[in-house]
Structures are given as C-alpha cells and as structure tokens.
Amino acid sequence: MFEARRETVLQYALADLVDKKPADAGVILREDAFIGHLNLRGNPDDAAFRAGVEATLKAHLPVKPGYWSAAVGASVYWLGPNEWLVLVAADAAADVQHNLRQTLAGHFSVVDVSGGQTIINLSGDDAGLLLKKSSTYDFHPLSFAQGRCVQTTFAKAMALIASRKDGSYDLVIRRSFADYVVQWIAIAAAEYGFAVEP
Amino acid sequence: MSGSAVVQARRLPAGGRINRDQPIRFSFNGIAYQGFEGDTLASALLANNVNVVARSFKYARPRGIVGHGAEEPNAIVQLGHGAQTVPNLRATQIELYAGLQARSVGAGLSVNFDLMALVGACGRLMPPGFYYKTFMRPQKLWMTYERFIRKAAGLGSAAAEPDPDSYDKLNQHCDVLVVGAGPAGLAAALTAARSGARVIIADEQNQFGGSLLAARPTIGHQTVALWLTKTLAELHACSNVEMLARSTVFGYYDHNFLAILERRSDHLRISSPSVARQRLHRVRAKQVVLATGAIERPLVFANNDVPGVMLASSVSTYVNRYGVAPGTKLIVFTCNDNAYQAAIDWHQAGQHVVAIVDTRCNPSGVVVATAKELNIDVIGGHGVIEALGKKCLQGAVIAPLNADATAIVGATRQLDCDLIACSGGWSPVIHLSSHTGAKPQWSDAKVGFLPGESIQQERSAGAAKGTYSLLDCFSEGAYAGARAAQLAGFGNGTVSTTTPPIEELTEQPQQALFLLPHVKPVSRAPKQFVDLQLDVTAAAIELAAREGYESVEHAKRYTALGFGTDQGKLGNINGIAILANTLGQSIAATGTTIFRPAYTPTTFGAIAGRDVGDLFDPVRYTAMHRWHTEHGAEWENVGQWQRPRYYCQPFEVMHDAVKRECLAVRNKVGMLDASTLGKIDIQGRDAAEFLNRIYSNGFLKLAPGKCRYGVMLKEDGMIFDDGVTACLAENHYLMFTTTGGAAAVLAWLELWQQTEWPELDVFFTSVTDHWATATVTGPNARKVLALVCDDIDLDKDAFKFMDWRDGTVAGVQARVFRISFTGELSFEVNVAAHYGRYVWEQLLAAGAEFEITPYGTEAMHVLRAEKGFIIIGQDTDGSMTPADMNMNWVVAKNKSFNFIGQRGLTRAACQRCDRKQLVGLKTLQPETVLPEGAQIVNDPAQAIPMKMQGHVTSSYFSASLGRSIALAVVKGGLQRMGDVVHCPLADGRSVAAEIVGSVFYDPKGERQNV
Amino acid sequence: MEKYSLFSLLKHARSYHENWQRAWRNPEPKSSYDVVIIGGGGHGLATAYYLAKVHGIRNVAVIEKGYLGGGNTARNTTIIRSNYLWDEAAQLYELALTLWEGLSQELNFNVMFSQRGVFNLGHNLQDMRDIQRRVNANRLNGIDGEVLTTAQVQERVPLLNCSPHSRYPVLGASFQARAGTARHDAVAWGYARAADALGVDLLQQTEVTGIRRDNGAATGVETTRGFIGARKVACVTAGNSSVVAAMAGLRLPIESRPLQALVSEPLKPCLDTVIMSNAVHGYISQSDKGDLVIGAGVDGYNGYGQRGSFHVIEHTLQAICELFPAFSRVRMNRQWGGIVDVCPDACPIISKTPVKNLYFNCGWGTGGFKATPGSGYVFADTVANDEPHPLAKAFSLNRFHSGALIDEHGAAGVAH
Amino acid sequence: MLLITCPYCEEARDETEFSCSGEAHISRPKNPEELSDEQWGDYLYFRTNPRGLHHEMWYHVAGCRRYFNVTRDTVSYAILESYRIGAEPGSKTPASCST
C-alpha cells in the first residue's frame, strides 16, 4: 500500500538556512507546519451562526476587527467582517469542517486551506524591528498588544500577522510565496543575527 | 594616495569640535593631505589652504568653498572610485575618514589648469538660451553638436559596475516627528518627549545641535553648551524618543508621510551586505515640527565667485566648529547685524579683520558696538561692488552707496583682503513645508519667504519660520513641541521645559539687498553671479525678462536658475528679486517657485531598498518546484510564477525537448504541473445564479460531479478570463482561472457580489495554493491512474469527459477532474499541496512502464494550439469577443439575466463582420514556421503602408502533424477559409499561408472522450 | 520675427545682448477672435501655429491660466517615438515624428530633437510576441523599427543588466532609431514665438471660467480678464479636460491621474539612448544637461495635485536599479508629478463635440509630448474645416458609444 | 502617500494595502438590453472626474478584501470620509465648488 509522504511548506527554503544559527540571534524563525487551516465565512450578526461556531470550536468567535482568540482546540482570527481563519490540529481539520457543516445553517462557508498556507513564528528581541522593515503597519506594543492580528502587506507579499502572549509573532503566509518570504526575512534579519529553530 | 601629508597651514592653534589627537590622512585631486577627526572634507581642505576646488559649469571659472552645509554650490566632488564611487557629493557634507579620496567634478585635468578658461573667454557668446538660437543648421549635424554639449555638461560620473552595497527601509510611526536638531528642534523634541508622545528627531548632521555647534564658546554660550549636553542626555534616556543623526528628511508627502535618508556606513568605511549602507525611514507621523533652520543669503556683486568669497555664517562655522581660518585678511560685507558675529569670531580667533563693510548708512546697535569696541573698522553706507583676483581673492572694490543701496554715490576704493564674508540676510528653509503644497509667503519684515499656511499636520519653529533670536528659537520650539504632542493626544500643550538663561540681543533692521550696483550697467559689468553652480548671472536674468521670459518659471527655465544640485538654496531668492526689480514689480507678486523633493539629493539604491535582484518581485513556486529543478527544468516566468517551460535531457536543445514531450503526450502519456491555475471555492445558495451572471454561458443546470468550461467577459464584451468550473455539491463550486488571471478574477467576483448583488448569498475563497495539480494526459493516462487509484471507477462511461470525482490517489485524498487542455484523455489530479511532490512522484513511478513524460508550458502551448484552444492574453488582447474567437457556442442567447458583457457585445462595432476572427494558418511550405506576431496582408507586393488583415497569435512546429501550424486573427477570417494570405517578414521574405479552421488535430474531439 | 543664428548671437554679443527682441508679445485681449484656444501648452500653441501657418487663420488667441508650457509640457520626460501598435495611432504619431524632424528649422528655435533611438525591452515570452507584432505592424506602416536579441541590446547598451539570472531577464527589445528626446520647454517657446510672429495673441495669466453657448453653439469664453468672443473654441487643456468640458455641460470618458517623474544629479554621459520597460516598469534617458530623466507609472487614483504617491517612485527606482545596477549610487535630485488625462483605450480624443463650434483635444494619457506637432497639426485642420482631419477620424468621441475603441494598452503600457 | 481608513477594519492603513476602482455610485443599469449604445457607452466610460470632492471606490486587497467608498479631495488629496457600500456619503458638497 502507499506510504503517503507530506512536505512542510518551508522544507526546502529552511534547508538552505540550516547553518545560520548564531547563539545571540535577534530574530528566530520557526515553522509551525501541518496545522489545520480552515477559512470560515458567515454572518456575525446571526446569533445562530455565532453560537454554532463557538459551540463547535469551543472557542470565542472574534467579531471585533483585528483580534484573534485562542482556545484549547482551536484559535480563530478575524480576517474580515464575515471571514475568519480557524486553526486546528492537522488531523482534526476534516472533522471540524464536517462538524461545522453539521451545526451551521443558513448562509456560510467552510473551506480547508491547510495545504495553501503555513505559519512562521518570529521570536527574539529584534523580531519587532524585522516587522518594521517588512510591513507598513504599526506594530508598536501599545497598539499591537497580544491578542491582536492584522492582514497586511509583508515585503511584496501578504501575511496575517498575530501577536502572541510570549511576545513573539505568528505570520500566516501563502505557500507559493513562502520561499520569497523566508529569503526576505533571512536577509533583513542578518544584521540582528538570524536563527532557524527546528 | 601620493606624496606625504602637508601641514594644515590654516588650522587655528586651538578650538573647534575636532579631535586634534586623531589626524586623518586623505587625498584630494591626487594630492595627500591631513585633517582631524571631526572635520568635513571642506573644513580639512580649507585647513590645508586649498582655495580652488572646482571649475564652474559654463564659464569654467575657478571656484572655492562658499558655505558649510547643504547649500554649498561649488565644492562638488567625486568620492572614491570603482564600483563604490559616488558622484556629486558636497565637500561640506562629507565627514572626513581615513583614506578618503575625492576629486573635483567637471574639471578637466586639474582645477588649476587654465585651458578650460578659454571656454570662459567665449562667455559672451553664451547668454542664457544661446543653444536655443544656434546649432540648428545643418539639421543632421545636431547629433554631432549634441555630443560635444553633452561632454561639456554633467558633473561627476556614475560607477560603471553594479553597486556592491545594500540598502534597507524601516517603516516608522510616531506621534511627533521633529525635523532638525538645532535649538528649536531640540526644545520641541524635549517638550514632546516629556509629554509621553512617541518622538522621532532627525538631523542631517553627524552631531545634534545645529547652529549651537558653531556657537563661540564664550561665557554667554557656556550655558547654551551645557543646555545642549543635558538636553541630549535626557533625550537619549527617553525610551519614547528615537534620535536619527546623519538623517536627512528629504521629502514631505501626503497624509503626513515623510521620507528620511539615514547615512549609516560611508563615514565608517565599512561595506557589508548585512549592514545597509543607507537606510530609508518611511515615517507616518501624527504631527510634525519643522525646525529646519535658515540658510544665509549671499550678496550679488561683480566677480562674487572668486575663491575667498564666503557666507559670513560659514566663516564663523569654520573658525568655531572646525578651528580653521579660511584666510588671513577678512572683510565682512553685510546689510544686517547678524554678520558682525563673523568679524567678532574672526577677531577672537586672533585673526585680522580688515573691515566690516555695511550697506546701511550708519549701523548702530549692540553687535556694532561690540565690533567697534574690538577696534574693528566699520564702514557704513558702503558696499563691495567687485571682488578682485582669479584663483584667489586679492582685494575688494568698495563704493559709497545711496540709502537703498541701489546706486553708487561716490568714488570707489580698493581694500586688500583674501576673504570676504558676506551676508544678505537669511532664507528660512521652507522646502519641506513647500512639499506639502503650502504656498510660501514673502515677508518684507524678514526679507525672505516664510512657510505658508499649513495644509498637513505640521508647524514650523525657529529660524525655519524666520525667528532668528536664539532665545525665541528655544521658546518657539518648546511651544511647537508641546502643541504637536497635544494634538497627537499627549499633554495639554503647556511647555514643560526651560530655556537657558541667555541675554537677548536686540538687532537693528536689516536692509533688503539682492544685487549690488556697479559702475557699469548690469549687462556690461563683470559677471555678478546669482546661481554659482549653473553660472547664472544677474545679467542673464535681466536678459531673460527682456526677451519675454517674465514668469518666474520661464526665467528659471530659460536661465537654468535653481536647477542645480543645490536647487538654488543660495541663488533663488536673489534671482527672483532681480527678476522682480527688472519687471518693476514686488517680489510677492513675482512669486516663488515650488520646492520639490528631494531636499538634498537622495541615493536611488536607498529609495529602491532591498527590493532589487532576487527580491525585486516575489517568485512563486508550486509544491513540485524542487522536483522540476532537480530534473533539468528550464523556466518560464508566468506572472510571478515560475513554471517549467521544458525539461532538457542530455544533448537536447529546446526544440528536441518540446518535440519529445509533445509526442509522448500524443502517443503515450505525459504529465504537467498545473498547480499554478487559479482556483476559487464558491459556496452559497445563489452560487449558480451568480456564475450564470458572471459567465457568458449558462451555469444554472450544472449537476454535482460535472464540470463546464466558461468564458468571462468585461462589460464591454471583451474576453477577460476563461476556465473550467466544477460543481462540487449543491450550492458549492470550484472555479479554475488562468494562471495570470487568478487575483483579478477573485477581485472581479467580489466586486459584483459586494457592490451590485449583495442580495446573492455566495462566498468566494481562494484555494489556489491549497491544491497541487498534476495533469496526467495521453492515451495511457487511465492506465497510469488505475495503478495508484482504486476507489474511483475510471471506466469511460462511469467517469466521463468533463466529470470529476473524489477519491484517493497514492493513498492521498484527491479530486480528479476529467478535463483536457491537450485534446487527449486527461485526468487532473488535485491533492493538498503538502502531498504535491509525493503524488507527482508516485504518478511518475506508476507511469514508468508507459514511459510517462513530464512536459512543460511550451509543449502545453503546442498541444493546445493543435486543438485550437486559445490562451487568454496570447490569442486575445483585450479587444476580442467570443465571436471573434469563433466561440459563439459559449455565449448564451436567452438567459433571464443580462450577463456581464452581453450588452457590450451588441454594440455596433462588435457586430461588424470585418472584425478580426480566430482562424488557423497552414504555411504553403509545411516546414516553415511563421513567427508569432507576424502581420498578415492579402497582397505582399502592395506599397507601404500596407493594408494589414491581422496577425499571427500562436505558431509552432507540430511534431504530431509533421508540419507547422499557426493560429491567427484575420479580418473576416471565418468567411475566408481556403484563401491564401501573406506574412511579409523583416528579412524581406514573405511567407504564404492558407486560412484553415483553427482545429488542426482530432477535429471531432474523439481522443479526449475515450 | 528676429532670425536666430550664430551670426545674430555674435551681433548681439557685441552689444552685450542688450537689444534682443522679445520672443513674444504680451498683448491685451481683443473683444473677439476667429478661434480661441483654451490652453497654452505645447499642443495648444502648436494648434495656434498651424491654424495661422497652414490655414491662414491668424485672428487667434491662446488663453493660458498660468504661463506658457507650464503644464505637462514642462513636466514630461521628453520621449518621442512613433512605434505604436494600431494603424490609427501609429499614423498619427508618425506624422508627429516627421514634423519633429524638421521642427527646429521650421520654428527657427532649437528644440534639440535628439534621435538617439528608443528601446522597448521584453522580459517575458508574451512581451516578445507583442514586440514582434508591433514592429511588424510598424514596418508595414512605413515606420522604422527592428527587433533585437538580448546580445544586440547588451552590445548597444553596455550598462544594462542583461543577465539571464535576473528576476525578469531581458529577452530582447524593439528599437526605433528615429525616436529620441527633445527639449520640452523649447517646444512650447518655439511654437509660441512662431505663432506670435504670425499674429496669434498669447494671453498668459488669464483663466477661462466659463464657456458661453448660444442655442447649442459655443460663442466665446468667460475669463478672469472678461468675456472673449470666439467663432470657434478649441480646448487643449490636458490635466484639466473634464473641468473645462463641464463648463460646456459635457462629460468625457477621462480620468485625470498623477504621473510622476524624477531626475538625478547631472552626470557625465553614461546613457546615450532611451530605455523603456513595460514589464519591469520604468523608463530612462539622459538629458543633454547630464541628468538621468526617469519616468514612473501612473498613480492608481484620480488627482489634480501634481503630486503622486511615494511608493510609485520607490517601485520605479527598483526597476531602474534592476535594469542599471550601476546607477544604484546615483542620487535623485528632484521629483515631481504631472496630471495625465487617461482614456479607457489609452488613445487621445481629437474631436468635435455635441456643442457646435466647440472642439476637444485631450485624453493623451502619457503620450502627449511626443505627439505635440502632429496633435496641433490635425487639430488645427479639424477646427479650421469643422471636419475631422483624416488622421483624427478614429479618435472622435463617438467611438466610446459605437465601441470602436483603439486599444493601445499593449503599446502604451507604462507612461512615456 | 495616502492613509486610508477601512470602514471594515476600522483603522487607517497605508495606501499600498488598497487598490482604487474608480468613481463610486455608478450602478449597473437594471435593463442593459433596453439602453441605446449611447446610454451604454455613458455607463461604461464617461466619468465625472471632478477637480475637488470625489466619491471613489477602493478595494482593501491586502486586508479584509472588502470594497468600500471614500470621499476624497482630488486636489488636496484629503480624505473626508470612508463609508461602506450601500451607505450614502455624508459630505455632499458638489464636486465643482471646491478646488
């Protein structure tokens, strides 16, 4: 029978960077691969929809622009007035999608986009500076505290950028742009010391 | 570097903000010199008694250093050499570093070599605009004339090799941006910082302090020096303050966006790819304080360009900040109190002041008194009307003037001197305020242009606003900082800082003076220079006006006034005043000219940033990209995507590879990476209705499991995109778009749903990146798939052409589509991209026994052309309707809803029968391949201009058919089957071809249905 | 008109240039004219000149709200070429190019038309197909042009980055040898001086505030210097066309957009031709003064501010550094913006209007400067005969109703 | 360099996140087939293009992917308001009066 082999989005891009691991790195990159990514659409003003989503995901559905919520099974990111990104365990994606379809009624949509994007976690003292080099958005801790997320430009690509409790940042980027984004980060971070965390 | 460093003859024994323990060796025009740490190239050259630093642009006259900063018009040098050379830097702005090598620009062999002066002698033949009046005959000779003109023009030289350095950018956000770190700027930053606002303060110099850095260290100024130290210390300690030295704010753009160039490595002489040589700060500021200071205005008199004529403030700066005396015998020539300080500084430095020549009849007041106390000879009511000397100043001709200094009222006399420090007053640096569109206001009281009414969230303070008293600068800056912070939401606008206790100097009013009279009329007097860099004289401006170039812009453009690299920082106002005077109107009525970015010249590379080379534009890869790389793929850029164009095997050239790939698909089986096609998931109750409106053909009756090809039109009826859409389930569809069109199509769908049909319940989600697609195509395609897929019934009746099925391929959840772009039996296998390469390799392994052959876009193009399938953007160009493409079958005739583009199609021009239509072409010589883009005519013998009937859109040699084939659009082509047309080529040949149907291979389309 | 020549220069040098004649008068407006031209830019002045010269209509006023040639004439990057794709456009621009070739002599004013050639680079296979198509069409239209390989381009432009490893390698180029650049101000001044000499009144600092109509026909213009009657009113107000049209109750298929440009500091000769790249999005030449003259793309929004967005300049300089890595250390001296009237098909409107005796010449987008002589020539003819000049027929307003657009986007691409 | 407030993201973002899609409030005729070529051409191509206040549509392409309207002065480039599709602009100043 078949031994299905899967590859992480950054498998090759990071392979080229393995030697780049200064101890005093100001920017540390880690890929959180093989996460279940679901794109969820629906009407937040529809109480049934909101309740259905929150019951299924056991997570809060952020309706305030630019926020994300974390829960045990799933984290949910605001993408637009009727659009969210739901992150779940890779193998859970299919079930969660199924359950949402079971629970929700009316006008909604759920799409599995797991293969199309990946998560880059940026930590280190200079991670903020790296964002400043790469995006026009204001990531000052006062305005971009933990729990905030934003879809914006990153270099000449786009990213969903979220700020985490531990002070690091998650970047959700599209697969096809991943090599470009990593090359950009590696070059931009060089002056701070750049490390890749397995 | 050649020779040994010579002594610094003009260096004062003591004083200055230089480190005398750190001697620095450098060279200028090949001669070795020595300066000190803290010097600029200019101060070091003056210390070494280098008077002539350049030859002038038009008249090749010797020129010396005039200023001490961004205003310097003469001391323009070429720094370094090879790939890292930089043209046109100002010596006054180059920090001295060990090993610095600089050359004069423009000059021939040497600035002291006088051959070029011959050109100068012809000066009278070169009035402004002389080139508009000559070099016209014979017409064909202009290109020759031009070559000489171009050689003579231009300053420095660009490098001839790629720039080895790198540049980057920081996107900054702040509440208050303070531009300029002089007294006003520092006071503003301090008050704003104390309010808690996020503050950025930028200054173009290497040290903060502005004019304070050149202040004489006397008792009165001790307190100032102390204040400076303490202020800088406090600012450095503030976590909410970012201090940018060596950082020029060069542009003020809309919505309070400002661009700052920070120079980071040149002065350190390091060059490393990881350290950007320069950094562009892209600042979005809530509020801005412009404390950009003022630039002293020179006085315009005969031969005022002789080396040794300087700005008064520059003389003070060289003495006080750099410990350099740029001469021995000083004349201060002024029409205001302010310049007396230069004489006082000079005197304090133990140098000889010949006299202060003041155009005001009986100068009085504090500084005048001070000067007199020091026994400095003050000559009132006089002016310097002519400077003597060529390469260095040898004296000055002074004359008694009438009250408004417009006429000479007595005998002239000569004064012996080698340095003239002149001052016509000050010009506030209003460039940035002007960038915002604020219209500069002329002030007779300040004798200068002041910042116009603010349009953006900005305010000016200090000298930039015409406030010249140190005390007022402090308080004005402090207030501006507090106010800016308040408007940004910090503090209540009250000033929290104290200004240093210094005594207030009351100044006597200055005289408005822009051109000194001469014994001869302006047109005949020795040259009175207004714009030193471009050799624009007072006579030139008068002539321009006389010839009718009366508007400021005409006069400027006709004479080139202000078009130099200093953008007229010294000359513009004198020039405008002289024009106004010539026209007999006020300066205010004559108007200023709008300043444009950049305030000072800004490196291309820094504005480009890191987005060059590999990072110029994102490159997009599919999940199988590395496999392609490892297997000899030659690439084609399709939009941002890189797609394999063909796979080269040993000893193959492109033609062989493409032929091999094509034949494999037709006779055996081939495989294409089709992952780049755009894919949009569409869900919602009204999805079908929406598709039916957006596509030209019907989509209401597409059943789950089925696919349909569709064409999208713009409202004008022209083809915009095409692709297959599959019905995944009830109210759930998957749309394929062209590779290049994906983003545009998604935006297009959202546009109509969001703005026109919000009542339609439908959601769109891009899944382009989620799916990796391997197209298995060819007679053996089914056999290959069967080996890796056992849960889909692949039987031709169970899984028909234009069906799709869910299943597992090589153990991976997959969607398989029976759609074909080759005309062969095809299965498009879609799997989550993580498995893309794995499934690709499994299919290859399974196909090995059938000699499965990976093929690229080139073979794909040939195969689809053999079938007459169009490619949007190649066979169409935005002016083609479905009918033009012979695709009327894709246009629904009786939809209930008038679909997008339907009305456009019925316009008169779209109904004409002589529109270009898609046809096939068969060259009469089967082996001749028409060039794509060849134009088509009926009669190749006709005279030029020929009547063109259309052009070849696609053309290949078809290995399967053993002949060339082409697609073309031809006027009324569909009615011309069998006609022979001609393609006249560049090489003179004309290729004859027969118009045929556009389907060359398997016209009945049976092969894809098997 | 005083003849300009080396001899006149010598003569005047002897008298210290004190006796040069005015280049043009500064007349008081008459109460009425046969033709009033709104807009004293290159096109308007050229129209006036040809009306007087070719059609003998000399009772003409050119009304300019600012100074002559102060709009796009003063703000463009001076590129001149005629290698357009479609017959209609190509023939119009070719007429302009042939007029350029004799213009200095015609006007006795050196407009410094420098036929240094223009390269249009191709960076992908479709670029090259389009280049082939365009050059073939040009050739059959009698317009010079050739397709060059990468090697040929590299040989002629040594500093150009032709590496196959660059992000978008240069795959080849089209080259028009007769194309080039000219001194933009000189064009306006030359036409102004020549038109003035033929009796045309040039009214500067005079703003048109309204267009007076009498039962469907234009009868004159209201200006800041009072009403001026006119048998015919011709509008040539690039960057303001919709505003002027509104004065006559007309709407146009035009959007006015910022178009930005910049120059470097003056450099010794380092680029002796004109390079344009649509795919990489930049174009560059070197002026006789030594400045690198660089054009950016059109901004994405409407704007009358003669300012655009900084990111457009950033993108353009990325393209320039990509094409000429050696220019990365060169410095930008000045940047500015013009206002271009963009038509849906990137082609001009030279047309009669629903209002009788009112004519419009607009919508040149980024192609205006190079067309100046041809535009003036055919527009003068159209106005004089109240009938479109043969070359102007295809550019009438009604094409936007019939649908007979001339889609030059392919050829127009980036600004030039 | 415009700073545009997206009414859905409820904050000001850099211009580079958006693309402008031209004049706002041009709705598709309900009955295209009944329009003359002239009327259809007007809908397709003819625009107000005012010098002054302009209602225009923007697309937050690098953000929430929503279309929305903006009232902007085409001379000063000052943005007076951003509002959602379907909403009416608050600033009704006729375009002509401002310069």
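Between chain B and chain D the count is 5 salt bridges. By salt bridge I mean a side-chain nitrogen of Lys or Arg within 4 Å of a carboxyl oxygen of Asp or Glu. Before I go on, a word on the model: it is predicted, local features need pLDDT of at least 70, side-chain atom pairs count only at pLDDT 80 or more, and totals for chains, interfaces and linings use all residues. Residues are numbered from 1 along each chain as its sequence is written, chains are lettered from A and ligands numbered from 1 in the order in which they are written, and side-chain values use heavy atoms, with hydrogens and water left out.

Back to chains B and D. One salt bridge joins D14(D) to R284(B), at 3.0 Å from N to O. Another joins E750(B) to R66(D), at 3.9 Å from N to O. On the chain B side, E750(B) sits in helix α20 (residues 742–756), while R66(D) sits in the chain D loop between β4 (53–59) and β5 (67–73). Helices here are DSSP runs of H or I with at least four residues, strands are runs of E with at least two, and both are numbered from the N terminus. Are these two side chains buried or exposed? E750(B) counts as buried because its relative accessibility is 1%, and R66(D) counts as buried at 6%. Buried means under 20% relative accessible area, exposed means over 50%, and partly exposed is in between, with a 1.4 Å probe and protein chains only.

How many residues take part in the contact of chain B with chain D? There are 28 residues of chain B in contact with 27 residues of chain D, where contact means heavy atoms within 4.5 Å. The area buried between the two chains is about 2200 Å², and carbon and sulfur atoms give 48% of that. Buried area is the accessible area (1.4 Å probe) that two parts lose on being put together, summed over both. On the chain B side, H255(B), Q754(B) and R903(B) supply 29% of the area buried against chain D, more than any other three residues.

Now chain D by itself. It has 1 helix and 6 strands, and from the N terminus on the order is β-β-β-α-β-β-β. Its C-alpha atoms fill a box of roughly 45 × 30 × 20 Å along the principal axes. Chain D has 99 residues, and 59% of them count as buried. Of its contacts between residues at least 6 apart in sequence, 51% join residues at least 24 apart.

Next, chain C against chain B. The area buried there is about 9800 Å², with 54% from carbon and sulfur atoms. In chain C, the residues that lose the most area to chain B are L140(C), R167(C) and R329(C), together 10% of what that side buries. The contact takes 104 residues from chain C and 120 residues from chain B. The rule finds 11 salt bridges across this interface. R329(C) forms a salt bridge with D165(B), and the closest N and O atoms are 2.6 Å apart.

Over all chains, the structure holds 84 salt bridges. Inside chain B, E824(B) and R666(B) form one at 2.8 Å, N to O. This pair links distant parts of the chain, 158 residues apart: E824(B) is in the loop between β40 (812–817) and β41 (826–832), and R666(B) is in helix α18 (residues 654–667). E824(B) is buried, with a relative accessible area of 1%, and R666(B) is also buried at 1%.

K706(B) and D803(B) form a salt bridge too, at 2.9 Å from N to O. K706(B) lies in the loop between α19 (687–694) and β34 (707–713) and D803(B) in the loop between α21 (781–788) and β39 (804–809), so the pair ties together parts 97 residues apart in sequence. Which of the two is buried, and which is partly exposed? D803(B) counts as buried at 2% relative accessibility, whereas K706(B) counts as partly exposed at 32%.

Last, the nonpolar core. That is a set of buried Ala, Val, Leu, Ile, Met, Phe, Trp, Tyr and Cys residues joined through side-chain atoms within 4.5 Å. The largest one has 84 residues, and I37(C), W100(C) and Y191(C) have the most contacts inside it. Apart from it lies another core of 65 residues, including V36(C) and F360(C).
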